[in-house]
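We will go stop by stop, and at each one you will pick something and look around.

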Amino acid sequence: MNPAWPSNFSSHRYQALTDGPRLIVTGAVHGNEVCGAIAIRRLMAELEQGARSLVRGMLTLVPVANPLAYRLGQRGGERNLNRNLAPQPSPQDYEDHVANWLCPLLAEHEALLDLHSFQSPGQPFVFLGPPDNTGTLEPFSHAAKEEALARCLGVSRAMDGWLSTYALGVERRQSAALGDARQRALNSDVRYGVGTTEYMRSQGGWALTLECGQHDDPAAPEVAYRAVVNTLAHLGMIRSPAPKPQTLQGLSLYEVVDKQHDADRFVRDWASFDPVRRGETIAVRADGKTLLAPEDSCIVFPSPGAPPGQEWFYLARPSARW
């Protein structure tokens with residue numbers, strides 16, 4: 001055990017006198033995404049001071065899911081916790097130990113709201129799982145529950161297609177051999193796209209990832225807090241009027257592009273959801289090769305500082321799902 005690691009994990013459970021939904025809310029899965037921790041601690045103070053009361057069900061709050069990354073103020077402690085998330089019989093890094101604590105905790109619940117933020121400018125949005133299906137990649141049967149809650153969080157944009165798009169990236173990375181030995185091993189694992197919400201669905205639950213805005217946006221903690229309160233009201237877990245469902249702009253991820261060299265560069269400062277036209281230049285590789293938009297799309301999660309072998313940007317197209 002590394003003596004530099006935090007010595008414990010922390011969660012806070014509230015149980016109402018009346019049975020109801022079992023909800024878990026997580027923050028700081030990535031240590032530099034602090035809006036969730038701020039929002040969750042605000043709600044904890046209200047519950048403990050009696051300003052809010054849980055009237056139905058069980059609520060578990062995890063302000064900081066990755067204490068080492070949070071302490072360091074960076075995305076991961078030793079790797080990205082939100083990839084290849086599963087219990088590990090032989091932990092190899094700090095995030096494996098987090099997974100051995102967090103995964104059983106997730107499995108005790110039926111619903112998860114995971115609070116995140118992102119690097120480049122952009123508006124908040126919610127990530128959903130796939131439509132109901134019986135396929136092999138991510139079979140699922142609770143899409144209606146996710147869609148209903150997504151409309152009540154207070155954001156206007158929703159996206160799906162994460163795991164299927166990530167699987168394309170994994171297939172390419174298996175032959176690229178970029179990164180250190182540990183990263184190469186993870187990149188070759190078809191489960192590497194599995195994070196908190198995907199693990200939750202694999203255990204029979206349902207889950208949403210809320211991207212609350214840019215990391216340093218002072219509005220992001222309020223977006224996170226309002227979403228948690230709206231979730232509790234939507235599920236009937238607090239005495240508050242149910243939020244009015246909103247119309248969502250629907251998008252589906254369909255492509256992920258990895259950085260291959262430190263000298264790879266974007267042609268301009270992209271923000272999430274910036275539109276690109278078919279044939280428009282998005283970036284230039286270190287060898288001079290230009291990367292063109294394959295169709296009319298929008299940029300998602302552009303990451304200029306991504307290390308080689310990691311996701312550099314995603315592309316999404318409009319979806320009629322919502």
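Helices here are DSSP runs of H or I with at least four residues, and strands are E runs of at least two, both numbered from the N terminus. The model is predicted, so local features need pLDDT of at least 70 and side-chain atom pairs count only at pLDDT 80 or more, while totals for chains, interfaces and linings use all residues. Residues are numbered from 1 along each chain as its sequence is written, and side-chain values use heavy atoms, leaving out hydrogens and water.

**Stop 1: helix α2**

Select residues 67-72, which make up helix α2, and find A69 there. Is A69 buried or exposed? A69 is buried, at 0% relative accessibility; buried means under 20% relative accessible area, exposed over 50%, and partly exposed in between, with a 1.4 Å probe and protein chains only. Beyond residues up to four places away in sequence, A69 touches G31, Q74, R75, G76 and G77, where contact means heavy atoms within 4.5 Å.

Y70 counts as partly exposed because its relative accessibility is 30%.

**Stop 2: the largest nonpolar core**

Next, select V25, L59, L61, L115, V126, L210 and L232, the residues that touch the most other members of the 42-residue largest nonpolar core. Such a core is a set of buried Ala, Val, Leu, Ile, Met, Phe, Trp, Tyr and Cys residues joined through side-chain atoms within 4.5 Å. Which helix gives the largest share of this core? That is α8, with eight residues. Zoom in on L61: leaving aside neighbours within four places in sequence, its contacts include V25, I40, L43 and M44. A second, separate core has 39 residues, among them L105, L106, F118 and W162.

**Stop 3: helix α4**

Move to residues 143-150, helix α4, and select E146. E146 has a relative accessible area of 0%, so this residue is buried. Show its surroundings, and among the residues it touches you will find L128, F140, R201 and W206.

**Stop 4: two positive phi angles**

Finish in the loops. N84, between α2 and α3 (94-107), is not a glycine, yet has a positive phi of about 50°. N84 is buried, at 6% relative accessible area. F273, between β9 (265-266) and β10 (275-276), is another non-glycine with a positive phi, about 80°. F273 is buried as well, with a relative accessible area of 11%.
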